[in-house]
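User: I am new to this structure. Can you take me through it in short steps?

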Amino acid sequence: MPGVSLVGSGSACLTVPLTNADLSQRVDTSDEWILTRTGIRQRHIAAAADSLASLAAEAARHALTMAELGAEEVDLILLATSTPDDLFGTACQVQAALGATRAVAFDLTAACSGFVFALVTAAQYIRTGVFKHVVVIGADVLSRWTNWDDRTTCVLFGDGAGAVVLRAADRDRLLGFELCSDGTLNHCLNLAYRAQAAPLVGDVAVQQGSFAPITMNGREVYKFAINRVPEVIEKALFRASLTTAEIDWLVLHQANQRILDAVASRLNVAPERVVSNMDRHGNTSAASIPIALDEAVRAGQIKSGDVVATAGFGAGLTWGAAIVQWG
Ligand code: COA
């Protein structure tokens, strides 16, 4: 059975920062409150010229360059996003922008777990021998759906895109994974469709509404994360026949520095082994893990052969972990 190797990473460069001080001009909050509760100093907002597709394509281009792979060699593009440009799917626009003429492309939605779910999904196509080269992208523009007058949510989120390139290899570097969902907790974090009935003809009415802003029970999500994430990482490690002591880097979904600290402490992973870019990016949903991974690889922290434990968690509710060996 072919294995999976991770041979390139990339992220989009967003240039419009939104600081905590900026936000405090809009809602009743402060840099001190946001920093101590979340670890966030600033986040980035997509510019008017940016689309989800353009950000995703930029991240993918950087990842392909690192992998020294031409776009025409890509077999599959998997785009994890909850904020598509087009509800029919945005991955095909990314395929066109890249010139990945041979690739099939589709979207996958699992909110902030999207990147881990997409990585594991992509790996199955490689393991079965169907595809050789896959680009997995996590990209979100949550600023489109954030209620900028709700201080309990708007301080958390930012926009971004990150990507990795997977290649078929003799030795499998996806060492173990575990994916979970619990729809009974769906109400804790939503970006839900709100229908409005509009009479059409006779007794027939159509339901044409729009998506409501993000709503969240912060305390419930916090409790969920600090309990379920260590558990799911331990299950993925068990499948990989590894222990927490063998984790070189913990690359968690960047939701809140307090969550990163609590998960690391429960797993007994030293703080210097925890990758965090919370202060600069905030929570970029499906983009957060590949951006953190890419920054750590380019900074020379994550090196070839390092064992990286990644875990995503968020709306659905969904959560999942993948243990990979970089390079
Ligand atoms: N600025 C200032 N005060 C704020 C505020 C803000 N941006 N947001 C909330 N507050 C206030 C609340 O109104 C509350 O005031 P009160 O005591 O007078 O009612 C107080 O701060 C405490 O609110 P609380 O919700 O208990 O804070 P918290 O310590 O739980 O922190 C979160 C809030 C959102 C930072 C925290 O719950 C969290 O990170 N949860 C996880 C969210 C998450 O990661 N979601 C995405 C998952 S993918």
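Analyst: A polar contact is a pair of N or O atoms within 3.5 Å. The model is predicted.

User: How far does a polar side-chain atom of Trp33 lie from a nitrogen atom of the ligand?

Analyst: The cut-off for a polar contact is 3.5 Å. Trp33 brings a polar side-chain atom to a nitrogen atom of the ligand. The distance is 3.4 Å.

User: Which polar side-chain atom lies 2.5 Å from an oxygen atom of the ligand?

Analyst: Asn256 has a polar side-chain atom 2.6 Å from an oxygen atom of the ligand. At 2.5 Å from an oxygen atom, the residue is Arg219.

User: How much of the ligand's accessible area does the protein cover?

Analyst: On its own, the ligand has 970 Å² of accessible area.

User: Which domains does the shell draw at least three residues from?

Analyst: The protein is divided into two parts, domain 1 (3-172) and domain 2 (175-185 + 213-325). The shell draws at least three residues from each: domain 1 and domain 2.

User: What area is buried between domain 1 and domain 2?

Analyst: Their C-alpha centres lie 16 Å apart. In contact are 47 residues of domain 1 and 42 residues of domain 2. Carbon and sulfur atoms give 64% of the buried area. The total is about 3400 Å².

Note on methods:
Residues numbered from 1 in each chain as written. Predicted model: local features only at pLDDT ≥ 70, side-chain atom pairs only at ≥ 80, totals over all residues. Heavy atoms only, no water. Polar contact = N/O pair within 3.5 Å; in protein donor to acceptor, adjacent residues only side chain to side chain. Areas by Shrake-Rupley, 256 points an atom, 1.4 Å probe, with all protein chains shown as cover. Domains from an automatic or database assignment. Contact = heavy atoms within 4.5 Å. Buried area = accessible area lost by both parts, 1.4 Å probe.
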